[in-house]
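Q: Hi, I've got a structure open and I'd like to talk it through. Can we go piece by piece?

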Amino acid sequence: MYLHLGNKTVINSNEIIGIFDLDTTTVSKRTRDFLNKNEKMNNIVNVSHEIPISFVVCNNKENETKIYFSPVSSITLNKRTEENYK
């Protein structure tokens, strides 16, 4: 199955590790450090020019981490993944 993140970006839902709300999770220093580290490693993809409100952490078959910033809420993304598994 696949998950649409916005702006014509689709990812394989089997690669998803987690879907997170940007506002609530970036309160933690660990999350900010994790995102900063991955930004330096060019592992972050911003799927839209809109302000991101969620991010999705993925790990592909080669064990490479990619983080997608999305303008779609984490609640909506979670609902979309649940609908894919019904």
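Q: Let's start with Asn38. Which residues does Asn38 touch, not counting residues up to four places away in sequence?
A: Asn38 touches Asn43, Ile44, Thr65 and Ile67. Keep in mind that this is a predicted model.

Q: Where is Asn38 in the fold?
A: Asn38 sits in helix H2, which covers residues 29–40.

Q: Is Asn38 buried or exposed?
A: Buried. Its relative accessible area is 5%, and the cut-off for buried is under 20%.

Q: What about Asn43, where is that one?
A: Asn43 is in the loop between H2 and S4. Asn43 is buried too, with a relative accessible area of 13%.

Q: And which residues does Asn43 touch, leaving out those up to four places away in sequence?
A: Asn43 touches Asn38, Thr65, Lys66 and Ile67.

Q: Back to H2. How many residues does H2 have, and how far does it reach?
A: H2 has twelve residues. From first C-alpha to last, H2 reaches 16 Å, close to the 16 Å expected at 1.5 Å a residue.

Q: Which residues of H2 are buried?
A: Thr31, Leu35 and Asn38. Seen down the axis of H2, these buried residues fall within an arc of 65°, so they line one face of the helix.

Q: What do the buried residues of H2 pack against?
A: They pack against helix H1 (22–25), strand S4 (44–46), S5 and strand S6 (65–70).

Q: And which residues are exposed on the other side of H2?
A: Lys29, Arg30, Lys37 and Lys40 are exposed there.

Q: What caps the N-terminal end of H2?
A: Ser28 does. One of its side-chain oxygens lies 3.2 Å from the backbone nitrogen of Arg30.

Q: New topic. Which residues make up the largest nonpolar core?
A: Ten residues: Leu3, Leu5, Ile11, Ile19, Val47, Val56, Cys58, Tyr68, Val72 and Leu77. Strand S1 (2–6) and strand S5 (54–59) each give two or more residues to this core.

Q: Which residues are in another core, apart from that one?
A: That other core has six residues, among them Leu35, Phe55, Ile67 and Phe69.

Q: Tell me about Leu77. Which residues is Leu77 in contact with, leaving aside neighbours within four places in sequence?
A: Leu77 is in contact with Leu3, His4, Leu5, Ile19, Ser54, Val56, Ser70 and Val72.

Q: Now Arg80. Where is Arg80 found?
A: Arg80 is in helix H3, residues 74–84. Arg80 is partly exposed, at a relative accessible area of 27%.

Q: Which residues does Arg80 touch, beyond those up to four places away in sequence?
A: Arg80 touches Leu3, His4, Leu5 and Val72. Arg80 and Met1 are 79 residues apart in sequence, but their C-alphas are 10 Å apart in space.

Q: Last one. Which element has the lowest mean pLDDT?
A: H3, at 87, while S5 has the highest, at 97. For the protein chain, the mean pLDDT is 93, and 97% of its residues reach 70 or more.

Terms used
Residues numbered from 1 in each chain as written. Predicted model: local features only at pLDDT ≥ 70, side-chain atom pairs only at ≥ 80, totals over all residues. Heavy atoms only, no water. Helix = DSSP H or I, 4+ residues; strand = E, 2+ residues; numbered from the N terminus. Buried < 20%, exposed > 50% of the residue type's maximum accessible area, 1.4 Å probe, protein only. Contact = heavy atoms within 4.5 Å. Core = buried A, V, L, I, M, F, W, Y, C linked by side-chain atoms within 4.5 Å. Expected span 1.5 Å × (residues − 1). Arc of directions from axis to C-beta. Polar contact = N/O pair within 3.5 Å; in protein donor to acceptor, adjacent residues only side chain to side chain. pLDDT = per-residue confidence, 0-100.
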